[in-house]
Amino acid sequence: MGRFRSHMKDALAEARAAGARGEVPVGAVIVAPDGRVLARAGNRCRELADPTAHAEMLAIRAACAQLGERLTGCDLYVTLEPCAMCAAAIAAARIARLYYGASDPKSGGVAQGARVFTHPQCHHVPEVYDGIGEAEAGALLRAFFAARR
């Protein structure tokens with residue numbers, strides 16, 4: 001395996017694009033073990049009228065379309081702490097490493113709230129790295145919600 005390269009800038013670009021579409025600005029990128037970007041996505045819940053169209057879910061679906069139902073050895077970069085739904089999908093897909101930016105005290109499912117990966121029913125626990133790109137991710141979210149108040 002080569003030198004580590006963060007893909008959080010790509011996830012942040014997806015988050016900015018989602019915000020420009022009127023979606024909550026969250027972006028995700030999935031990287032294969034060989035360093036290839038398999039999938040990138042931003043939230044599309046409003047556009048698709050689908051409450052499951054979170055950035056992570058869309059990226060997982062796209063990566064699985066290429067590799068099959070297991071994303072063993074893959075990394076997921078996401079700008080916001082995954083919710084419980086997305087954390088469960090991350091475990092089901094067997095993603096190796098999760099890198100996320102801003103924590104989500106209201107809806108987070110990793111370090112906050114449900115803490116999906118700590119449950120005995122969770123069959124796979126990825127390595128988790130938080131706070132990656134946190135300042136920019138948090139600023140995007142704060143600006144988005146401030147504009148709607």
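1. The sheet. Five strands make an open, mixed sheet in the order S2-S1-S3-S4-S5. Strands are DSSP E runs of at least two residues, helices are H or I runs of at least four, and both are numbered from the N terminus. Two strands pair if DSSP finds at least two bridges between them. S2 (37-42) and S5 (127-129) are the edge strands; each has a single partner strand, so one side of each lacks a neighbour in the sheet. From one strand to the next, the twist averages 15 degrees.

2. Basis. This is a predicted model, in which local features need pLDDT of at least 70 and side-chain atom pairs count only at pLDDT 80 or more, while totals for chains, interfaces and linings use all residues. Residues are numbered from 1 along each chain as its sequence is written, and side-chain values use heavy atoms, with hydrogens and water left out.

3. Strand S1 and its partners. S1 (residues 27-31) runs antiparallel to S2, joined by five bridges. Ile-30 has Ala-39 as its bridge partner in S2. The hairpin of S1 and S2 has five residues between the strands, and Gly-35 there takes a positive phi near 95 degrees. S1 also pairs with S3 in the antiparallel sense, over four bridges. Val-29 stands opposite Tyr-77 in S3.

4. Burial of S1. Five of the five S1 residues are buried, so the strand is largely enclosed by the rest of the structure. Buried means under 20% relative accessible area, exposed over 50%, and partly exposed in between (1.4 Å probe, protein chains only). Gly-27, Val-29 and Val-31 cover one side; Ala-28 and Ile-30 are on the other.

5. Helices on the sheet. H3 (residues 55-67) lies across S1, S2 and S3 (75-80), at about 150 degrees to S2. H5 (residues 134-147) lies across S3 and S4 (97-102), at about 55 degrees to S4. Axes are lines fitted to C-alpha atoms, for helices over the stretch in contact, and angles run from 0 to 180 degrees between N-to-C directions.

6. Glu-81. This residue sits in the loop between S3 and H4 (84-92). Glu-81 is buried but has no salt bridge; Arg-115, the nearest side chain of opposite charge, is 7.3 Å away. A salt bridge needs a Lys or Arg side-chain nitrogen within 4 Å of an Asp or Glu carboxyl oxygen. The Glu-81 side chain instead reaches two backbone nitrogens: Asp-104 at 2.9 Å and Gln-112 at 3.0 Å.

Methods: Contact = heavy atoms within 4.5 Å. Lys, Arg positive; Asp, Glu negative; His and termini not counted. Polar contact = N/O pair within 3.5 Å; in protein donor to acceptor, adjacent residues only side chain to side chain.
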